[in-house]
Amino acid sequence: MVALVATPALAGPREKAQIRTLVLSEHPDDAAHRIHVAGQIVTVLRFEQPCDPLKTKLLGWEGRFEPLVVAGKRVVIEPFRALAPDESVPLLVTLADGTELSFLLRPPVEEWGWTDQQVDVFKDRESYQAVVSSLSRALKAKNALEEENERLRQEETSADHALAALLVSGARAQTPFRVIKSWGAVEADSELSMRLYSGKGKAAVTIAVRNQSEDRPWRMVRAKLFSLKSHEPRTVAVRSEHASLSPGQSGTFAFVVDRSAFLDAEGQLETLMLEFYRHDGLRQGYVVLDPRLVRE
């Protein structure tokens, strides 16, 4: 059985990147519209008409961004590194008709943790493309809400989520799990203590996190379980002690995997990978789960 922890990967996941619609007429009093960017992640602004490459520029970007790419109706932005919480960079976009649009490049919003991958910018909400984009946005939000409600309904009766809740509360004696391995990792803004468990027909992982940042909250935003061989996603039950960890606070996260998740299409057991990502989109760590963890 192999268990590893990784430091945050610079090439973080794009799962939290967002495509959104920005209708300028809905925010007439905004002097500069905020665009949320992350280090080494490309953000694309799409406009209704071509942009003037000679009059589209970043102000005060030295050493922090790749040179802007202005191609037709698109402006491509890529920071070299993540912006500090109090850092912002003005962006001026000039359209072909001379219209000047001001934007403010900011780090991802802590409360949601998302980064803008693509922003479709419209001057008038009544235009056809703006209506279509807004409708698409509303349908996407509706589908996401329905999926979240269904997920919560299933969790209410899930045995694996109940086991994960017991592990989070420290009641391991009430579960079928035994500890196989424990290890830790210390980083600049977090301290992690991880445990790998074996159980009858199930495996589990717990991660205790202490937020060592002086001013920023810490959140786990996503867990991914998939086959190492085929990369097909598998089901994992997740429970957390706290939704967000304030500076200096500690909390535990638990992951429970049923034996069925280890089975491939032919019914053979295979190795799985569990990855977890924090609020800024970076991979905080991973664990390789050997099928021998799920004892009969």
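Me: Why is Ser198 called buried?

Reply: In this predicted model, the relative accessibility of Ser198 is 3%. Buried means under 20%, so Ser198 counts as buried. The residue is part of strand E11, which spans residues 190–200.

Me: What makes the pairing of the Ser198 side chain with Leu293 a polar contact?

Reply: A polar atom of the Ser198 side chain lies 2.4 Å from the backbone oxygen of Leu293.

Me: Why is Gly251 called buried?

Reply: Gly251, in strand E15, has a relative accessibility of 3%. The cut-off is under 20%, so Gly251 counts as buried. The C-alpha atoms of Gly251 and Asn211 are 8.7 Å apart, although 40 residues separate the two in sequence.

Me: How do you know that strand E8 pairs with E2 and with E7?

Reply: Pairing requires at least two bridges. Strand E2 (residues 33–36) and strand E8 (residues 100–106) run parallel and are joined by four bridges. Strand E7 (residues 89–94) and E8 run antiparallel and are joined by six. Both counts therefore meet the requirement. Leu105 in E8 stands opposite Ile35 and also opposite Val89. In the hairpin of E7 and E8, five residues lie between the strands, and Gly98 takes a positive phi near 95°.

Me: What makes the pair of Phe47 and Phe103 edge-to-face?

Reply: The search of the whole structure finds four aromatic pairs. In the pair of Phe47 and Phe103, the ring centres are 6.1 Å apart and the planes stand at 65°. Ring centres must lie within 6.5 Å, and planes over 60 degrees apart count as edge-to-face; the pair therefore qualifies on distance and on angle. Phe47 lies in the loop between strand E3 (43–46) and strand E4 (57–58), whereas Phe103 is in strand E8, so the pair ties together parts that are 56 residues apart in sequence. Both residues are buried.

Me: Which residues have the most contacts inside the largest nonpolar core?

Reply: They are Val205, Ile207, Leu225, Phe255, Val257 and Leu289, within a core of 25 residues. Two or more residues each come from E11, strand E12 (202–211), strand E13 (220–227), strand E15 (250–258), strand E16 (272–278) and strand E17 (283–289). E12 gives the most, with four residues. A second, separate core has 21 residues, including Leu24, Ile35, Phe47 and Val93.

Me: Which residues does Val257 contact beyond its neighbours within four places in sequence?

Reply: Val257 is in contact with Leu225 and Leu289, among others; the list also includes Gly201, Lys202, Ala203, Phe262 and Leu272.

Me: What is the secondary structure of the protein, and how much of the protein is buried?

Reply: The protein has two helices and 18 strands, and buried residues make up 43% of its 296 residues. Among contacts with a separation of 6 or more, 64% involve residues 24 or more positions apart. The accessible surface comes to about 15,500 Å², of which 51% belongs to carbon and sulfur atoms.

Methods
Residues numbered from 1 in each chain as written. Predicted model: local features only at pLDDT ≥ 70, side-chain atom pairs only at ≥ 80, totals over all residues. Heavy atoms only, no water. Buried < 20%, exposed > 50% of the residue type's maximum accessible area, 1.4 Å probe, protein only. Polar contact = N/O pair within 3.5 Å; in protein donor to acceptor, adjacent residues only side chain to side chain. Core = buried A, V, L, I, M, F, W, Y, C linked by side-chain atoms within 4.5 Å. Contact = heavy atoms within 4.5 Å. Areas by Shrake-Rupley, 256 points an atom, 1.4 Å probe, with all protein chains shown as cover. Phe/Tyr/Trp six-rings, centres within 6.5 Å; stacked < 30°, edge-to-face > 60°.
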